[in-house]
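Here are a few friendly notes to read beside the structure. Take them one at a time, and find each place in the viewer as you go.

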Amino acid sequence: MRIGAHVRDDDPLGAAAARGAEVVQFFLADPQGWKAPQPHPRADALLASDLDVFVHAPYVANVASLNNRIRIPSRKLVLQHATAAAGVGAKGLVVHGGHVAKGDDPADGIANWRKMFERQAADGGFAVPVLIENTAGGDNAMARSFDVLARLWDAVGGFGAGFCLDTCHAFAAGEDLVGVVDRVKAITGRIDLVHLNSSRDPFGSARDRHANIATGTVDPGQLVAVAAAAGAPVLVETPDEGQAEDIAFLREHLGR
C-alpha cells in the first residue's frame with residue numbers, strides 16, 4: 001500500500017517530496033467552479049514520476065441532481081475532468097456521490113448516475129475510472145447512507161465505477177469505522193482509494209471537517225486498521241501543516 005496526501009495543484013511533485021508522499025491527489029480547476037480544466041503545466045513530469053496520481057472533481061458537480069441546470073453541466077464537468085486526469089496519468093477521478101433536493105426521490109438521483117455511465121459507455125467510456133466517494137451529510141445523499149449506496153451500486157457497479165472511502169465522512173455519517181472496510185466491500189466489491197482523514201467533530205455530526213490524525217476525534221487506531229484492511233492507496237486530506245506527520249504516523253504503524 002502506498003501513502004500520500006491531497007496537495008496544491010501548482011507543484012504536486014514538490015509537495016510530494018516535502019511530505020514524503022508516494023500518492024498525490026489534486027484539483028485540475030477551481031473546486032468551487034464550473035470551468036473546464038486546462039492542460040497541467042507539469043503533466044510530463046507527473047507522467048514520468050513514480051507517484052500514484054488521483055484527481056478530485058470540483059465539489060459543485062452533482063450528477064444526481066434532478067435540476068437540469070445542475071445535472072447536465074455536472075455530467076460535462078465529470079467528462080472533462082476525467083479526460084484531463086488521463087493527461088496527468090491519474091489512476092482515477094474522485095467524484096462526490098451528490099444528492100437530490102428535499103422532496104425528490106433518491107431513486108431518481110440513482111437513475112441519473114446510471115444514465116451518465118450508460119451514455120458515456122456508448123461513447124467508449126471515461127478516460128480514467130470514476131471513483132464515487134461517500135459523503136458526510138444530507139438526508140437525500142446518494143453515498144452517505146450505506147443502504148442508499150447499495151442501491152446506487154446496483155445501478156452503476158456494472159459500468160466499472162470505482163469507490164473512494166473517506167473515513168471522516170463515514171464517521172460523520174454515523175458509520176462505525178470498526179469493520180467499515182468489510183461493509184463497504186460487501187456493497188461495492190472494491191475500494192480503489194482511501195481518504196484517511198480524522199474529524200474535527202463528534203461521531204454522527206454530519207459535518208465534513210477534516211482534522212489531522214493526532215488532533216482529530218477519530219481513534220487513530222481505527223484509522224490505521226482501515227488503512228491496513230482496505231488494500232488500496234491511502235492519502236490524507238488533512239490540514240497542510242500536519243500532513244507530513246500524518247504520513248509518518250501511518251508508515252510507522254503500518255510497518256512501511
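1. A word on terms before we look at helix pairs: an axis is a line fitted to C-alpha atoms, for helices over the stretch in contact, and angles run from 0 to 180 degrees between N-to-C directions. Please also keep in mind that this is a predicted model.

2. Start with helix H3 (residues 68-86) and helix H4 (residues 106-122). Their axes come within 11 Å and cross at roughly 45 degrees. Angles under 35 degrees count as roughly parallel and 65 to 115 as roughly perpendicular, so H3 is oblique to H4. The crossing of these two helices, H3 and H4, is right-handed.

3. Which residues of H3 and H4 make the contact? From H3 come Arg71, Arg75, Val78 and Leu79, while H4 supplies Asn112, Lys115, Met116, Arg119 and Gln120. Sorted by class, the contact of H3 with H4 has four charged, three nonpolar and two polar residues.

4. Now move to helix H5 (residues 146-156) and helix H7 (residues 180-188). Here the axes come within 9 Å, with a crossing of roughly 30 degrees. Because angles under 35 degrees count as roughly parallel, H5 is roughly parallel to H7.

5. On the H5 side, the contact is made by Phe146, Leu149, Ala150 and Trp153; on the H7 side, by Val180, Val184, Ile187 and Thr188. How many nonpolar, polar and charged residues does the contact of H5 with H7 have? There are seven nonpolar residues, one polar and no charged.

6. Next, look for Asn140 in the loop between strand S5 (130-133) and H5. Is Asn140 buried or exposed? Its relative accessibility is 18%, and since buried means under 20%, Asn140 counts as buried. The side chain of Asn140 reaches the backbone oxygen of Ala101 at 3.2 Å. Apart from its neighbours within four places in sequence, Asn140 touches a list of residues: His99, Val100, Ala101, Lys102, Gly103, Asp104 and Pro106.

7. Last, have a look at Ala206, in the loop between strand S8 (198-199) and strand S9 (210-211). What is the phi of Ala206? The value is positive, about 65 degrees, although Ala206 is not a glycine. Most residues other than glycine have a negative phi. As for accessibility, Ala206 has a relative value of 31% and therefore counts as partly exposed.

Notes
Residues numbered from 1 in each chain as written. Predicted model: local features only at pLDDT ≥ 70, side-chain atom pairs only at ≥ 80, totals over all residues. Heavy atoms only, no water. Helix = DSSP H or I, 4+ residues; strand = E, 2+ residues; numbered from the N terminus. Parallel < 35°, antiparallel > 145°, perpendicular 65-115°, else oblique. Left-handed = near helix turned anticlockwise from the far one by under 90°. Contact = heavy atoms within 4.5 Å. Nonpolar A, V, L, I, M, F, W, Y, C, P; charged D, E, K, R; others polar. Buried < 20%, exposed > 50% of the residue type's maximum accessible area, 1.4 Å probe, protein only. Polar contact = N/O pair within 3.5 Å; in protein donor to acceptor, adjacent residues only side chain to side chain.
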